[in-house]
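Here is a short report on one protein model. Have the sequence and the 3D view at hand while reading.

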Amino acid sequence: EIGGGPAEDVYHPNVDIRGGAGVDIVCDFEQEDLPFHDGHAQLVKAIHSLQHLSRDGARHILRECVRVLVPGGLIYVMIGDMTFICQRLLEDGMVEEWLNCVFHFSNDRDRFGFHKWGYSFETLKEELEAVGFSSVQHQGFYNRWEMKVSAVKL
């Protein structure tokens with residue numbers, strides 16, 4: 001799992017930008033390659049992590065996911081659906097619930113707690129396909145503002 005944070009219930013090995021309980025490997029996704037050999041994994045999970053990276057940082061880590069996956073390997077992404085969130089902001093106004101989905105203030109008060117980029121299903125699909133994934137599928141919603149997406153390494 002990439003960006004699983006300090007949690008005990010994440011898929012292991014758990015790689016995150018900060019150490020902590022449940023974090024197996026520390027890696028700066030914006031600047032470093034994943035510390036695995038080519039074709040290392042069958043599955044990579046990115047739960048609530050890509051939006052905490054710049055667009056270029058996310059592109060880098062998605063290329064790294066392709067590299068470390070075996071052919072036919074799967075990436076599973078859970079991420080805010082910016083189309084839905086923007087619709088809610090237009091309809092409900094600038095309410096904290098929806099603004100938090102965009103900016104995600106963290107009590108940590110550091111650069112890791114904020115969202116830096118956002119995706120619709122279409123834009124995430126484009127990013128995944130651009131780095132070498134195929135069969136990009138919308139797997140439904142975790143809740144009304146977070147989509148689940150999977151893709152396969154060619």
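Which elements are included in what covers the buried residues of α1? The cover includes β3, β4, α4, β5 and β6. This is a predicted model, in which local features need pLDDT of at least 70, side-chain atom pairs count only at pLDDT 80 or more, and totals for chains, interfaces and linings use all residues. Residues are numbered from 1 along each chain as its sequence is written, and side-chain values use heavy atoms, with hydrogens and water left out.

Helices (H or I, at least four residues) and strands (E, at least two) are DSSP runs, numbered from the N terminus. Helix α1 has 14 residues, which at 1.5 Å a residue should span 20 Å. The expected span is 1.5 Å times one less than the number of residues. The end C-alpha atoms of α1 are 20 Å apart, which agrees.

Buried means under 20% relative accessible area, exposed over 50%, and partly exposed in between (1.4 Å probe, protein chains only). Among the buried residues of α1 are G57, A58, I61, L62 and C65.

A nonpolar core is a set of buried Ala, Val, Leu, Ile, Met, Phe, Trp, Tyr and Cys residues joined through side-chain atoms within 4.5 Å. The largest one has 31 residues. L34, L50, I75, L128 and F133 touch the most other members. The elements that give two or more residues to this core are β3 (41-47), α1 (55-68), β4 (69-80), α4 (121-131), β5 and β6. Helix α1 gives the most, with six residues.

Contact means heavy atoms within 4.5 Å. Leaving aside neighbours within four places in sequence, L34 is in contact with residues including I2, V15, F29, I61 and V68.

**A second core and its rings**

A second, separate core has five residues, including F84, L89, W98 and C101. Rings also meet in this model. Rings of Phe, Tyr and Trp (its six-membered ring) pair if their centres lie within 6.5 Å; planes under 30 degrees apart count as stacked, over 60 as edge-to-face and the rest as tilted. By this rule the count comes to two aromatic pairs.

| Pair | Type | Centre to centre | Angle between planes |
|---|---|---|---|
| F84 and W98 | edge-to-face | 5.6 Å | 80 degrees |
| W98 and W145 | edge-to-face | 5.8 Å | 80 degrees |

F84 lies in helix α2 (residues 82-92) and W98 in helix α3 (residues 96-103), so their pair ties together parts 14 residues apart in sequence. W145 lies in the loop between β5 (133-143) and β6 (146-153), so its pair with W98 ties together parts 47 residues apart in sequence. Ring pairs link F84, W98 and W145 into a cluster. F84 is buried. W98 counts as buried at 1% relative accessibility. W145 is partly exposed, with a relative accessible area of 24%.

Where does H115 lie? H115 is in the loop between α3 and α4. At 17% relative accessibility, H115 counts as buried. A polar contact is a pair of N or O atoms within 3.5 Å; within protein, one must be able to donate a hydrogen and the other to accept it, and residues adjacent in sequence count only if both atoms are side-chain atoms. The H115 side chain reaches the backbone oxygen of C101 at 3.0 Å. This side chain also reaches the backbone oxygen of V102, at 3.3 Å.

K148 is found in strand β6. K148 and V77 are 71 residues apart in sequence, yet 5.8 Å apart in space, C-alpha to C-alpha.
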